[in-house]
Amino acid sequence: NSSELITKYRTCRRQVRECSGEADHHEGMSSDDELTVTEVTEFQKNKDNVLEESRKIFEDVHADFCDIRKILLKFQEWKEKFPDSYCDAYISFCLPKLLNPLIRVQLISWNPLEQNFTELDEMPWFRAIEEFGD
């Protein structure tokens, strides 16, 4: 099980190198070749724990305040109904700090080195921000 995980990881890294045209890599010289089965198992266990804990972060938050699309909808309504107040509050400067924790939680499991990873611009939070910006 662990050796399969190591093999998959190395294969994925090799495919990424081949696609990027990285020609100066020498097989067997990578630091990931030095990982033991125990280290890989421990890493996977820690990763699973982090992912499990991250699912609990917003479990006690009302759905209107942990969904980026719903939050942005509230700001859009404010912008349309009270444009002067919206402008005076410098909301464009506040939104990145407000949305940062919500986006970070969604990116915890994102790994661009995986073979079938989702592009950032395909993620729902990215599309919601993009639509809000338009």
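Into which class of accessibility does F126 fall, and at what relative accessibility?

Author: F126 counts as partly exposed, at 28% relative accessibility; here buried means under 20% relative accessible area, exposed means over 50%, and partly exposed lies in between, with a 1.4 Å probe and protein chains only. Before going on, please keep in mind that this is a predicted model, in which local features need pLDDT of at least 70 and side-chain atom pairs count only at pLDDT 80 or more, while totals for chains, interfaces and linings use all residues. Residues are numbered from 1 along each chain as its sequence is written, and side-chain values use heavy atoms, with hydrogens and water left out.

The setting comes next. The protein has six helices and zero strands, where helices (H or I, at least four residues) and strands (E, at least two) are DSSP runs numbered from the N terminus. Buried residues make up 17% of the 134 residues in the protein. Contact is used for heavy atoms within 4.5 Å, and among contacts between residues at least 6 apart in sequence, 59% join residues at least 24 apart.

Now to the rings themselves. A pair of aromatic rings is described by the distance of the centres and the angle of the planes. Rings of Phe, Tyr and Trp (its six-membered ring) pair if their centres lie within 6.5 Å, and planes under 30 degrees apart count as stacked, over 60 as edge-to-face and the rest as tilted. By this rule the count comes to four aromatic pairs. One of them joins W78 and Y86 edge-to-face, at 5.6 Å centre to centre and with 85° between the planes. F126 takes part in another edge-to-face pair, with W125, where the centres are 5.9 Å apart and the planes stand at 75°. W125 is buried, at 10% relative accessibility, whereas F126, as said above, is partly exposed.

Leaving aside residues up to four places away in sequence, F75 touches Y86, I91, L95, L98 and F132. For F75 and I91, which are 16 residues apart along the chain, the C-alpha atoms are separated by 8.3 Å.

The wider packing can be followed from there. Two packed helices are described by the angle between their axes and the distance between the axes. Axes here are lines fitted to C-alpha atoms, for helices over the stretch in contact, and angles run from 0 to 180 degrees between N-to-C directions. Helix 3 (residues 68–81) packs against helix 5 (residues 91–107) at an angle of about 165°, with the axes 11 Å apart. Helix 3 is therefore roughly antiparallel to helix 5, given that angles under 35 degrees count as roughly parallel, over 145 as roughly antiparallel, 65 to 115 as roughly perpendicular and the rest as oblique. On the helix 3 side, I68, I71, L72, F75 and W78 meet I91, L95, L98, L99, L102, I103 and Q106 of helix 5. By class, this contact of helix 3 with helix 5 has 11 nonpolar, one polar and no charged residues, where Ala, Val, Leu, Ile, Met, Phe, Trp, Tyr, Cys and Pro count as nonpolar, Asp, Glu, Lys and Arg as charged, and the others, Gly among them, as polar.

Helix 5 has a contact with helix 6 as well: their axes come within 11 Å and cross at roughly 155°, and the two helices are therefore roughly antiparallel to each other. Here L95, L99, I103, Q106 and L107 in helix 5 meet W125, I129 and F132 in helix 6. The residues of this contact of helix 5 with helix 6 divide into seven nonpolar, one polar and no charged.

One more aromatic residue deserves a look. Y90 lies in the loop between helix 4 (83–88) and helix 5, and Y90 is exposed, with a relative accessible area of 52%. Most residues other than glycine have a negative phi, and most peptide bonds are trans. Y90, although not a glycine, has a positive phi of about 50°.
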